[in-house]
Each structure stands twice: as structure tokens, then as C-alpha cells.
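Here is a short report on one protein model. Keep the structure in view as you read.

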Amino acid sequence: MTEDPSAWWRNGVLYQLYPRSFADSNGDGVGDLVGITQHLDHMQWLGVRGFWSSPITPSANFDWGYDVKDYTSVDADLGTLEDAESMITAATARGLKVILDLVPNHTSTEHPWFLESRSSRDNPKRDWYVWEDAKPDGSLPNNWQSSFIGPAWRLDELTGQYYMSNFLRQQADLNWWNQEVRDEFERILRFWFDRGVAGFRIDVAHMLIKDRELRDNPPATEDDQLVEQLRGQRQQYNSNRPEVHEIYRRWREIADSYDPPRLLLGETPVWKPSILASYYGEGDELDLAFNFILLESPFEADAMHQVIETTLAALPRGCQAVWAGGNHDVPRFATRWGGNSPARARAAMLMLMTLPGTPFLFAGDEILMQDTALTQEQLRDPLGVKLYPMPVGRDPERTPMQWSGEPGAGFTEPGVEPWLPFGDLSVNVADQRDDPHSALSLTRDLIALRSELPDLHLGGYSRFDGPEGWWCYRRGEQALIAINLSEVHGVLEAVSGQVRIGTQRSRDGEALVGKLALEPDEAVIVRLEL
Ligand code: NOJ
């Protein structure tokens, strides 16, 4: 029987890396594509089935990759198109799939399209972006707020109009009502698919299309998400518009026209499972849409269970959830969920690797890297710089991968200053690799067990009653996951079977006869005796 072509993302664990921070092959302090290629053995050894790289395309680097200047070449800091092709070939040869990052909502204001568009009101590319006059009273075209604080409109002195910009002023929103923009992105998808790219992660997938009439957003109410309350408005007219689905149906046709079909994975920071589910269409839009509800949830039994249950109930038949504990935009889960407790961070890892759906790890999670504290001078993320000392910048989770405890951290040459400072190098891959009790061994063993036990990658999810503060769930018939998130030792009665993996590794293989005892922050996977 041939393997289902979607098995790699349906059954496997995937990995995200931030290319500037992964591995520097040429000693300039910035990670690059050759560095990624040189570390494919790590991913293969870890057991992940593929990786998503944050953008590799040329960027003006105001938003470090997410302000794209050209969609079909490679940023000079990261390498060349040939390096990208070699990376894809080498990864594919090892059975690792490569997912690239597509940023279709906006381009850099240095992109040639935008330079043309802004050059005059009648330039043929004028309509590729959203240009508007001020209102007759001189006020802004509408009340929309940028996701990065402040109005979403920037005045262009040359032509006297405002361009829409829902992130930094150096990022101009494309006009997705324009057919030429759509045609261009179809060409871009094919450009990379033709080079063997296995799929795309789509940046701000929920925002591409904006209300055609540019209606004002309504004020936020206390029922809205905290970010919307902070912005003072519900993003009703600049996100989750119904017409965005047409785009994904079309992209899905393109992705499915390849053999094997390519993966479409959305960045979908939405807070209602029903809205998240809409991005899967009727199984004819995105294959996977990232679940930010879990990502933003506290590590508490009831809260997380509810996210899982409501998400699974909302997804269309045959569609699968995708979970991450972190990414390049949010604090690392070892810090956020783990707090000061390494045991709790290990429990979070066990939880992530046993969820019903595709788990993603962010490079460094496998060794339970923590966020790095930075001084004001060390900040590179414009959000962090602008809002300092508020802890909203994204540099702490983007510091270089900690390959070893040696000078240069195995990331760059000794003595070279990395683009962001190193974190605590006592946490590193080299030291953990051969230690059976390390976080890295735990992660690797969990990935292997997930693949070995069909219940863990295919089985349904159901909550299992446990002591107060525990989160217990079954996957399929035989796998029981128990996590003691309370502050006290406890016992789960009427459980017999065998501990397959415990966060305290000395428990691996333990026979359970009628009960399971767990310390606070301890977690286990049990193969139940039925
Ligand atoms: C989401 C990306 O993950 C983030 O890093 C970026 O700043 C915004 N989209 C804008 O592209």
C-alpha cells in the first residue's frame, strides 16, 4: 500500500526555524541557508518530518523578513537561490519536507511594485496597493488601527494620498481585489512549488482581503479579545472577510495540482473556533490553520481541554488541527507555560506531542530553551524598540539556537557577535544529546513514540476524569495522557497498564496496577491495559 501523500503532515511532528537565528555557516553572526543545510541531520535525528522556515526572501529588515522586497529570490544575508535549491534537495533526500513562508498581505515599501505604485497616481501599479484620499475634513480614510499600534494609514507626500499599512509603515498592504496581484501570487506559488517546496505557511492569512468600502471598525467591547480591546476596536472590516476564502480555494487548486500535493498552512490568529474552521473551507481551502487559542491559553487543565474540544468540534470532517507552543512572535513555551519549573516545561512538551492534530516545535523548544532577557540596546524588533520597556518585543524568543556551550554556541564562529545575543548556554544541544534524562532526549523519544503508536497520531481525543487540577485525556483506545497541573501530589485510581514515557524518565516502563501517582508538574503517557 502506498503511503497517503499527506501522512507527513497529518501524522508527523513539524519544526519551525527562524533562519537568521538557526545556524551561521559563514561567520557573519547571522544564520543562513547553508547553516540550515548543515543541520538537517539534527532535524532528521530528532524525528520531525519537515520544517517551516520564516521568510528567506530579500527583506528590508524593518520587520526582519516579513517586509519582502522580492518574492522569488533569496535575501543576501541568508544566501542565494542556489543555496535554497540545495537546501530543498538535501532536505528532500533525507525525507524532510520544506515549508516556506509567504507574506502576501503586504510588501516592503522598498519592493519595486510599491516604488512604482507610489510614483504617480496613474501608474499602472497604483491599484496594486490601497491608496485613499483623506476625508473631506482632512481626517484619515477610516479608523483602522495597525496591528503594530497607531493608525493603519500613512501619508505619501509625493502623491498626497494615504497608503494602507496594517503593520509597520515600511509594510504596505497589497490590494487583493486586484486580479493582477492574484495572478502574480499564483506565479510565486508555482515558482517555489516547481523547486520542490512542500508547502507554504501563509502570513496573516486572515487579513488579505479588506472590506471593499473600507467601513470603520466598530469599538471593541469587553467580549472582544484583549488585543482588540487594547486597540480600541474590533477588527471587523480588516480581517476575516468572507471573500478571502475564494483566494484559498484557488490556491488549493494550485497546490493540489502538484504531485504530491503541496501543503497550505495558515497563520490564523483568530479567537473563535468557528472562524478558525472557516479557513479549512469544506476541506477545499487551507490544509491546516494554526490554533492561536491554545497558544494564548494558560497551561491549565480546564482552559486547554476546552480549546481542544471546541476546536475539534468546529473543524470540518477530515480536517485536522495544528498546534504550536510558540513561534518567532510569542514567548517560548518553556518560559510562558514552564515558568520557573523545568518539570512543568517538560510536562508541556509531553502535552504538545500528544495532542490530536499536527504539533509544531519552534527551534530550541526541543532543548526547552527559555526566552533571553535583553537590554534596551540589544533590541532589534521594532515593536520591542517602540514599546520598551513593555515586554512586547519578539527578540527574546528569536535569539540564536544554542547548539553547544562553547564560545559561538555552535551557532557561529567563536568571537563573532551574533545578530541577537545568546541566551543561557548551559541549555544546549551538545550537552543534552547523549543524556537520556535531558529535555532533548525527552522530545526525541516523544516524537518517536507518537509515530510508533497509531493511537497517538491517529486516535480521537476524550477527556478522562482525574484528580483536581490534573489534565487527563485518552488518545484512541489505549493511550492515556495524565498531567498533574496542581500543586500537590495526587493519585489517579483504576488505571492499569504501562508507563511508556514519563517526564521523570525513571518511570518509563513502570507497570501500573490499579493506580497512577504523580508529583506536581509531572506527566506520563500510559499504554492502558484494556
Ligand atoms: C506575522 C509574522 O509572524 C510576524 O513576525 C510579522 O511581524 C507579521 N505577521 C507581519 O508580517
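Helices (H or I, at least four residues) and strands (E, at least two) are DSSP runs, numbered from the N terminus. The model is predicted: local features need pLDDT of at least 70, side-chain atom pairs count only at pLDDT 80 or more, and totals for chains, interfaces and linings use all residues. Residues are numbered from 1 along each chain as its sequence is written, and side-chain values use heavy atoms, with hydrogens and water left out.

Most residues other than glycine have a negative phi, and most peptide bonds are trans. A cis peptide bond joins Tyr-388 to Pro-389, with omega about 5°. Pro-389 sits in the loop between helix 14 and helix 15 (429–433). Another cis bond links Asp-259 and Pro-260, where omega is about -5°. The loop holding Pro-260 runs between helix 8 (244–256) and strand 10 (263–266). Ile-149 has a positive phi, near 80°. Ile-149 is in the loop between strand 5 (131–132) and strand 6 (153–156).

**Domains**

The chain splits into domain 1 (7–104 + 179–206 + 246–383 + 435–447), domain 2 (112–173) and domain 3 (459–528). These bounds come from an automatic or database domain assignment. Domain 1 gives 14 residues and domain 2 gives eight residues to their contact, where contact means heavy atoms within 4.5 Å. The C-alpha centres of domain 1 and domain 2 are 30 Å apart.

About 980 Å² is buried between domain 1 and domain 2, and carbon and sulfur atoms give 76% of it. Buried area is the accessible area (1.4 Å probe) that two parts lose on being put together, summed over both. Helix 6 (179–193) and helix 14 (382–387) each supply at least two residues of the domain 1 side.

**Around the ligand**

How many residues surround the ligand? There are 14, and the closest are Asp-63, Asp-203, His-328, Asp-329 and Arg-394. A residue counts as near if one of its heavy atoms lies within 4 Å.

| Residue | Distance to a ligand oxygen atom |
|---|---|
| Asp-63 | 2.5 Å |
| His-328 | 2.7 Å |
| His-106 | 2.9 Å |

How values were computed. A polar contact is a pair of N or O atoms within 3.5 Å; within protein, one must be able to donate a hydrogen and the other to accept it, and residues adjacent in sequence count only if both atoms are side-chain atoms.
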